[in-house]
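I opened the model to look up its salt bridges and its sheets. My notes follow.

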Amino acid sequence: AVMLTLWSLGTVRAALGQVTPAITSAPPPAGVVGGTYLHDFTSTGFTSAPTYSVTSGPVPQGVMIDAQGHMFGVPTSAGTFGPTTVCASNGVQAQACQTFTVTIRKFTPILFSQASPGGPVGTAVRNTATVGSQQNPTGTVTFRLYSDEACTAEVFSSTNVVDAQRQAASDDFVPTVPGTYRWSVFYSGDANHEPSAFVCSPTNR
């Protein structure tokens, strides 16, 4: 009779449809260098709240996963990270795991261009560019100066390295002909930044 009672209890539990623990949230999405990254892992089937942890593989640099399943941070490096496995466990039931990869895209910076004042023929002109990113951009900036409105008649070019202040300056150019000169500025990009450009402006007169 005792064995029958235990068997009947197990049958009742099976009929109630106990849920196998599982992580039910979608895999973490892609992100971008310098952007806020947020993702929440969720799960079902646990009789008490689980904790989450990375059991294998990397997470993007600048991003972490806490015990509550919150994945957050500001990615600092571009690339594809994974395969990574995150598991949820409450120490009683079988753990639930999800394996994924995360792609962090390069940041596309805004390029700011500042031409020096013009002046009489013989006045040296130059341009200073600032790469609009807080993620320590490297690479080079190429400056091209044109003597026509359509920016097809190039009269000067200069390429210099982006410094620690995220800036690069052209070499000086001394016009020998009066007129309106227009700059185009091209940033090369680097491991974490896409190339960027500021075309056919501002002017030196």
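I started with arginine 144, which is partly exposed at a relative accessible area of 28%. Partly exposed lies between buried, under 20% relative accessible area, and exposed, over 50% (1.4 Å probe, protein chains only). The model is predicted: local features need pLDDT of at least 70, side-chain atom pairs count only at pLDDT 80 or more, and totals for chains, interfaces and linings use all residues. Residues are numbered from 1 along each chain as its sequence is written, and side-chain values use heavy atoms, with hydrogens and water left out.

Salt bridges next. I required a side-chain nitrogen of Lys or Arg within 4 Å of a carboxyl oxygen of Asp or Glu. The count came to two. In one, arginine 144 meets glutamate 154, with the closest N and O atoms 3.6 Å apart. Glutamate 154 sits in β13 and arginine 144 in β12, ten residues apart. Strands here are DSSP E runs of at least two residues, numbered from the N terminus. Glutamate 154 is partly exposed, at 40%.

I then found aspartate 172 bridged to arginine 126 at 2.7 Å, N to O. They lie 46 residues apart, in the β14-β15 loop and the β10-β11 loop respectively.

Sheets last. I took two strands as paired if DSSP finds at least two bridges between them. An open antiparallel sheet runs β10-β11-β14. β10 and β14 are its edges, each with a single partner strand, so one side of each lacks a neighbour in the sheet. β11 and β14 share three bridges. I also logged a mixed open sheet, β2-β9-β8-β5.

Definitions and conventions:
Helices (H or I, at least four residues) and strands (E, at least two) are DSSP runs, numbered from the N terminus.
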